[in-house]
Amino acid sequence: MIPAQSERTVRDVRAVVVGAGFSGIGAAVRLREAGCEDVLVLEKGTHLGGTWRENTYPGCACDVPSTLYSYSFTPDAAWSRVFAGQQEILAYLRATAERYRLGDVLRCGVQVLGARWDGAAGRWLLETSDGPYSAAVLVLATGPWHVPRRLEVPGIADFDGPVFHSARWDHSVDLTGRRVSVVGGGASAVQIVPAIEGQAATVNLFQRTPQWVLPKPDLPVPAALNRLADRVPGARGALRAGQYALQEGFGYAFRHPQAARLLEAGARAHLRLAVPDVRLRRQLTPDYRLGCKRLLTSSTFYPALCQPHVHLHSTGVSAVRGNEIVGADGTTVPTDVLIEATGFRVGELPLATTLYGTNGRTLDEAWDGAPQAYLGTTVSGFPNLFLLLGPNLLGGSTSAITVLEAQLTYLVAALAHLDRGGHRALNVRPDAQAAHNTAVQEALATTVYNTGGCTSYYFTPTGQNTFAWPWSTGRLMRRLSRFDDDAYTSDTPVRRLPLPAQARPQPGDRTTAANAEQP
């Protein structure tokens, strides 16, 4: 349980945001713009960035065009490429934090260990590595791509060489002239293999399931074009709208499996043109519908696999013996460096096991292996808790930032409703949450996500899709554009009192030290 806080100094704030990636930075900006100055962002890392701080592997870049994978309130970034790389995206986040002067609300090096709802006080009590906090509103901005999925096979602990996950890249390891094995065939592997094949003596890719891959028009953006876009009113907005429409076209195909055949034809043509070897092409051809798994884009992956020192193994890994990787089909490959490009435990929210709601149950216990939320944002039994990029909100077509900003609109409206009514707490009704999730699951039943004939991280072990949104992004934005208070219960209005101001760090205290590396 979360320790009692009665005998320690508790810092009271209106809103605590957990995580300083795209979601946390965006939440801080929107909350302050809406007049909520009493907000803190708690980040366990030494600096902001989220997934773009953690993932530093060679070739790491976004697979959504930068014009759309950016905040609508900060659209004027002069991106150097159509699809920005990791370092440029991280620099954009830092610049955004500086632009909106978030230095005084960002606390880096502070890990939230757990939280419990205090019904009598109408507040969340948080235990952190920096001591206790109390917040009227708790916003979880930890994201779904947070907990790495590690390779769990016999002998891996005794591997005779460096082994690391793509999200924990060991830059001290020189791959030059080494025999490298990459396990996994998803988005990170598709970027890593082309980036390292020029260094390594051999690259062996263990890919259980082939992926649908479309070409990626990753072109440099001339500086003159960026200057022109800054000078022409509405130019950047028009580019963003055009990219949004294109991405929604992909979404239509995913919701209507017959339409996905057109995209499949393009992917097959891409494969046929890039891979002349018939046997290799057969290994790379999926046997499920496009969109069933996350759609990948790359113009360098197939050419890399055609190199004589790069070898594709259409099998998983069953064991490690000394310096040999053993495939499930019996293949053995001598290896100097093992790279786990095995993705993330998408359904595992970092704080779910230590976040206690109204009935003393944790969020993990409430979900019981199948995460669900009302509009992917609020959870019954957990008042004033808001999840960003929560269950059943994403998919394979649009930008996560578009979804995030729609949720932030809803969050701001919910807080305004609290203020107008003088209430302390909003709790989504269980019947509203159940009805919403029943509708989501029924709609998913006809999409390519559920009918495409594959297994993916969209699903729980029990077979429920807890990741994808089954309708258009436009519908999601409309649903989140206003706060529907009829879906919630609220406590009896109380006499409105001024909320306590956040504790300001003093020179030499722990908070200042923890925040030393903020942008």
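**Charged patch**

I found Arg475 in helix H14, residues 473-479; helices (H or I, at least four residues) and strands (E, at least two) are DSSP runs, numbered from the N terminus. The model is predicted, so local features need pLDDT of at least 70 and side-chain atom pairs pLDDT 80 or more, while totals for chains, interfaces and linings use all residues. Residues are numbered from 1 along each chain as its sequence is written, and side-chain values use heavy atoms, without hydrogens and water.

I noted that Arg475 is partly exposed, at a relative accessible area of 33%. Buried means under 20%, exposed over 50%, and partly exposed in between, with a 1.4 Å probe and protein chains only. Arg475 gathers with Arg478, Arg479 and Arg482 in a surface patch of positive charge. Patch residues have over 30% relative accessible area and no salt bridge, with like charges joined within 9 Å.

**Ring pairs**

I counted rings of Phe, Tyr and Trp (its six-membered ring) as paired with centres within 6.5 Å; planes under 30 degrees apart are stacked, over 60 edge-to-face, the rest tilted. The count comes to 20 aromatic pairs. Trp117 and Trp124 are edge-to-face, because their ring centres are 5.5 Å apart and their planes at 65 degrees. Trp117 is buried at 11%, and Trp124 is buried at 0%.

I then looked up Tyr410 and Phe483, a tilted pair at 5.4 Å centre to centre and 55 degrees between the planes. Tyr410 is in helix H11 (residues 400-421) and Phe483 in the loop between H14 and strand E20 (488-490), 73 residues apart.

How values were computed:
Patches are made of residues with over 30% relative accessible area and no salt bridge: like charges are joined within 9 Å, nonpolar side chains (Val, Leu, Ile, Met, Phe, Trp, Tyr) within 5 Å. Accessible areas come from the Shrake-Rupley method with a 1.4 Å probe; for residues, only the protein chains shown count as cover. A salt bridge is a side-chain nitrogen of Lys or Arg within 4 Å of a carboxyl oxygen of Asp or Glu. Lys and Arg count as positive and Asp and Glu as negative; His and the chain ends are not counted. The place of a charge is taken as NZ of Lys, CZ of Arg, CG of Asp or CD of Glu.
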